[in-house]
Amino acid sequence: MIKSTNPFSKYLYYFNFFKLLYIETSMSDARMLYVSKLKECDNPMNELFNILTEALNFNTPNAICGALYYGNGYFVQCLEGNKIKINDLFHNKILNDPRHENCELMYCEDVTDRLFSKWHMKYAIFHKEIVNFFSEYNIDEFNPYTLSIGNIPEFINLLSKQKDSFYTLKPNSV
């Protein structure tokens, strides 16, 4: 610390230190996983297409990456990006989306590397490996609400290895 005759210089030093600490913290990346249930609708696949399209349009300019998995009427989504941006996205947009209900944040961690950096929103289709993952934990069918803090990192890693299947969805499909 530089010595100064100004009696407030010490406080200014600490103020700038904590300001820098806040900026570094707010600029860091995080990974978040949430689950929800699709509300009853006439065309679930069309809703899924619309959700993915909106996610791509929002995530791309905001440098948010992730994957969405849908099966048995459940969503599980992993988001990666600036922790303030994904926190804002979750609390101000996702929680207010009328297309799903029972939205529950299951996991959040600071990260230095992104698993989903190639996808602003990857869509992983219902896949045998995911079903097998749940079977290993004695769960008969895909239900992301049964995930626990002990198996979520393994699930996220498995999700990151699934192929992107967005191209399989078409608007107004059944």
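**Group meeting: cores, cysteines and salt bridges**

I will start with one cysteine: C108 is partly exposed, with a relative accessible area of 47%. What you see above is a predicted model, and what I say today was computed from that model.

How many disulfides does a search of the whole structure find? The search gives 0 disulfides. C108, for one, is in no disulfide, and the nearest cysteine sulfur, which belongs to C78, is 9.6 Å away. A disulfide is a covalent bond between the sulfur atoms of two cysteines. Another cysteine, C103, is partly exposed as well, at a relative accessible area of 23%.

Now to the inside. In soluble globular proteins, nonpolar side chains tend to be buried together. In this model the largest nonpolar core has 23 residues. Those with the most contacts inside this core are L33, V76, F116, F134, F142, L147 and F155. Which elements give two or more residues to this core? They are the strands β1 (29-38), β2 (65-71), β3 (74-82) and β4 (100-111), together with the helices α4 (128-136) and α5 (152-160). The most comes from α5, which gives 5 residues. Apart from this core lies another one, of 18 residues, with M32, L38, L52 and F90 among them.

Leaving out residues up to four places away in sequence, V76 touches L33, Y34, V35, A67, L68, Y69, F142, P144, L147 and F155.

Next, a helix. Helix α2 covers residues 44-59, which is 16 residues. From its first C-alpha to its last, α2 reaches 22 Å, close to the 22 Å expected at 1.5 Å a residue. Which of its residues are buried? In α2 these are N46, L48, F49, I51, L52, A55 and N59. An α-helix has 3.6 residues a turn, so residues three or four places apart point the same way. L52 we have already met, as a member of the 18-residue core.

The last topic is charge. Side chains of opposite charge can pair when their charged atoms come close. The structure holds 6 salt bridges, and I will go through some of them.

R31 forms a salt bridge with E80, and their closest N and O atoms are 2.6 Å apart. R31 is in strand β1 and E80 in strand β3, so this pair ties together parts that are 49 residues apart in sequence. Are these two buried or exposed? R31 is buried, at 7% relative accessible area, and E80 is buried too, at 0%. R31, E80 and E109 are linked in a network of salt bridges.

R99 forms a salt bridge with E54, with the closest N and O atoms 2.9 Å apart. This pair links distant parts of the chain, since R99 sits in the loop between α3 (83-94) and β4, while E54 sits in helix α2, 45 residues apart. R99 is buried, with a relative accessible area of 16%, whereas E54 counts as partly exposed at 39%.

K83 and D110 also meet through their side chains in a salt bridge, at 2.8 Å from N to O. K83 lies in helix α3 and D110 in strand β4, so the pair ties together parts 27 residues apart in sequence. K83 counts as partly exposed, at 21% relative accessibility, and D110 counts as exposed, at 55%.

Definitions and conventions. Residues are numbered from 1 along each chain as its sequence is written. This is a predicted model: local features need pLDDT of at least 70, side-chain atom pairs count only at pLDDT 80 or more; totals for chains, interfaces and linings use all residues. Side-chain values use heavy atoms; hydrogens and water are left out. A disulfide is a pair of cysteine sulfur atoms within 2.5 Å. Buried means under 20% relative accessible area, exposed over 50%, partly exposed in between (1.4 Å probe, protein chains only). Helices (H or I, at least four residues) and strands (E, at least two) are DSSP runs, numbered from the N terminus. The expected span of a helix is 1.5 Å times one less than its number of residues. A nonpolar core is a set of buried Ala, Val, Leu, Ile, Met, Phe, Trp, Tyr and Cys residues joined through side-chain atoms within 4.5 Å. Contact means heavy atoms within 4.5 Å. A salt bridge is a side-chain nitrogen of Lys or Arg within 4 Å of a carboxyl oxygen of Asp or Glu.
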